[in-house]
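Okay, thanks for coming, everyone. Let me put the sequence and the model up on the screen, and then we can walk through it together.

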Amino acid sequence: MDIKTLFHNLREEVSCLVCTNIYTDPKQLPCLHSFCLHCLNQWHRTSHGRDTIRCPKCQALSRVPESGDLKDLPTSFYLNGLIDVLAIREYQTSQAKCGNCDKSSSESSYCFQCCMFYCQECVLGHNIMKSYKDHRVLALKDFEVKDYEDVMKRPVFCPKEDHNKEELKYFCKTCEIPVCQICVTLDHGGHNMKLIKEEVEIQKSEMRSLLEKQRRNLQAKMKTVNQLDEEFAKLMQQAEDVKRDVQRLVDNLVAVIEAKKQNILSSLEKETSRSLDLVTERKTEIQRQITAIESSLENADKLLTRSSNAEIVQLKKSLDAIFEGVSQTEPINRSTESLPAGFIFKQNPKLLETVKTDDIGTLQILQLTKANHVICEGKGIEEGMVNCEAQFTLTSRNIRGKQCYNERDHVTVEIRDKRGRECATEVGINDCGDGLYQIKYTPKDQGRCKVLQHKLVIKLICT
C-alpha cells in the first residue's frame, strides 16, 4: 500500500457527500458509493418508494435490504480504517475519542486488535486485562509509516451487537455473506461454509476476470466513441464541402447571368448611342434651317416697313428668290427615316420557367451497404452448364435491410473451385445504378457452387 496515496486527500475521502462531515457508521450502496447511515435514513425518508433507494451521488436505484432497515447494508470497513488513520494523523488538533469512556485526548493510544482508541486511564486497564495481553497497543505520537498500514489491515469484526469481538473468518456460500464463529453455530447450521480467506482468492480471481472484461468493453466503447467523433468530423467536413459546392455553382450561375446581362446592356448602350446621334444630326440640320428662315423673315419685315411702293413691287421677286431654296419640313416619319422605333426587352420565358421548376442540383444521402445484408438470387449461384452462360442478381442493402446504392461500392466476382482455382470465364457485371447488379459468367467445369460475401466481393466456390 502506497502511504502517500493513502494520505492524499484523506479528509475529503472520508467525508460524507450528504452531510460533508466525517463518516459515522458508513454504509455502502450496491453502486459502491458510501454514506453515513443516518444520512441514508434521512434521504430514504424524503425519497419515493419504500423498497428502493436512489443513490444521492449517481442516482442509481437500488433495493433496500429485505429487513427494510438500511443498517443491514454492507459496512464500509475500508472507510472505517481510513477514519481511524485520519484521527491518528490529526490527533494533536482533533483529539481522539476513547472507545471506552468517550473522553477525547491528544495523549491517546490505539489497540490494533480492538480497533479502538484508549485514553491514558483506560489504556492502563486494557493492558492489565489477561484476555488482552496479546493485543498490540501503540501511542498515537509513536505512529510510523508501517503502523498506518497495519491499521488498514486490522481484522473485521461481526457487526451483530452480541458478536462485536468476533472476527469474520468464514463465508457462508448459502447466504453469500461473511460470518463469525458464533454466526456459524447459531444461524448457519448445515450451510455451505468456507474460510473467508479461501473464498476471497476465488472471488478476487472472478472479479479480476470481470474487471478485465469490462476494461475491454470500456476500450471498445472508447474506440467506438473515437470512431463516432471521426464520423462526426467527417460529416461536418462533407457538409461544409457540399455548402461550398452549392455556393460555387450558384456563384457560377450568377456570373453567367451577370455576363449575359452586361452583353444586353452593352448592346443597348451602343444602339442608344447610334440612334441619339441620328436624332441629334437631324435636329442640328433643322435648327440651321430655322436660323436661316428667321433671318430672312426679319430682313423682309424691315423692307416691307421702310420701302416705298415702287421698292415693294420689286421686293416680291427678291423674297421669292430668298425662300426658294428653303425646304418645307415634314413631321418625322420613322418608316421613311433611319431612326429606330424604340427599345424593349423581351424575356426568355423558357429560362425563367427552367429556373422556377428545375433544381440547381440534388442532395444525395450516401448509405453504406452491408456485405452481410447483400442478397444473391438466381440459378447461377447454385448450378451452371459447362460453356453455357449462367446468371444471377445481387442486391446491395444497407444496415436497415433496404435496397441502396453507393457509387463507392466496388463489386467484383470470383468463381473458383474448392481448391481456389478459377473455374469460369467471361465474368461480367452490369451495374444498374440502383443497388442491383446483374452477374453473368460461363462455367468451365460442371458442379455446384456456393456464394461467399465479403465487402461486396462475391466469390462463387464450386463444390
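I'll start with the overall picture and then go through a few local spots.

First, a reminder that what you're looking at is a predicted model. The protein has 463 residues, and 25% of them count as buried. For secondary structure, we have 11 helices and 20 strands. The exposed surface comes to about 33,100 Å², with carbon and sulfur atoms supplying 52% of that. And if you take contacts between residues at least 6 apart in sequence, 51% of them join residues at least 24 apart.

Four strands make an open sheet, and the order is 13-15-18-17, with antiparallel pairing. So which strands stand at the edges? Those are strand 13, residues 375–377, and strand 17, residues 424–431. Each has a single partner strand, so one side of each is left without a neighbour in the sheet. On average, neighbouring strands here are turned by 20 degrees against each other, ignoring direction. If you look at strand 15, residues 390–395, it pairs with strand 18, residues 436–443, over 6 bridges in the antiparallel sense. To find your way around that pair, look for Ala390, which sits opposite Tyr441 of strand 18.

Next, two residues from other strands. Ile53 is in strand 3, which covers residues 52–54. Buried or exposed? Ile53 counts as buried, because its relative accessibility is 1%, and the cut-off for buried is under 20%. Leaving out residues up to four places away in sequence, Ile53 touches a list of residues including Leu29, Leu40, Trp43, His44 and Leu70. Also, the C-alpha atoms of Ile53 and Arg63 are 6.2 Å apart, with the two residues 10 apart in sequence.

The other one is Ser109, in strand 7, residues 109–111. Ser109 is buried too, at 11% relative accessible area. Beyond its neighbours within four places in sequence, Ser109 has contacts that include Met116, Phe117, Tyr118 and Val137.

Last stop, the surface. There's a nonpolar patch there made by Val242, Val246, Leu249, Leu253, Ile360 and Leu363, and together they have about 510 Å² of accessible area. Let me pick out Leu253, which belongs to helix 9, residues 196–306. Leu253 counts as partly exposed because its relative accessibility is 39%, and that class lies between 20% and 50%.

That's my tour, so let's go to your questions.

Methods. Residues numbered from 1 in each chain as written. Predicted model: local features only at pLDDT ≥ 70, side-chain atom pairs only at ≥ 80, totals over all residues. Heavy atoms only, no water. Patch = residues over 30% accessible without salt bridge, like charges linked within 9 Å, V, L, I, M, F, W, Y side chains within 5 Å. Areas by Shrake-Rupley, 256 points an atom, 1.4 Å probe, with all protein chains shown as cover. Salt bridge = Lys/Arg side-chain N within 4 Å of Asp/Glu carboxyl O. Buried < 20%, exposed > 50% of the residue type's maximum accessible area, 1.4 Å probe, protein only. Contact = heavy atoms within 4.5 Å. Pairing = 2+ DSSP bridges. Axes fitted to C-alpha atoms, helices over the stretch in contact; angles between N-to-C directions.
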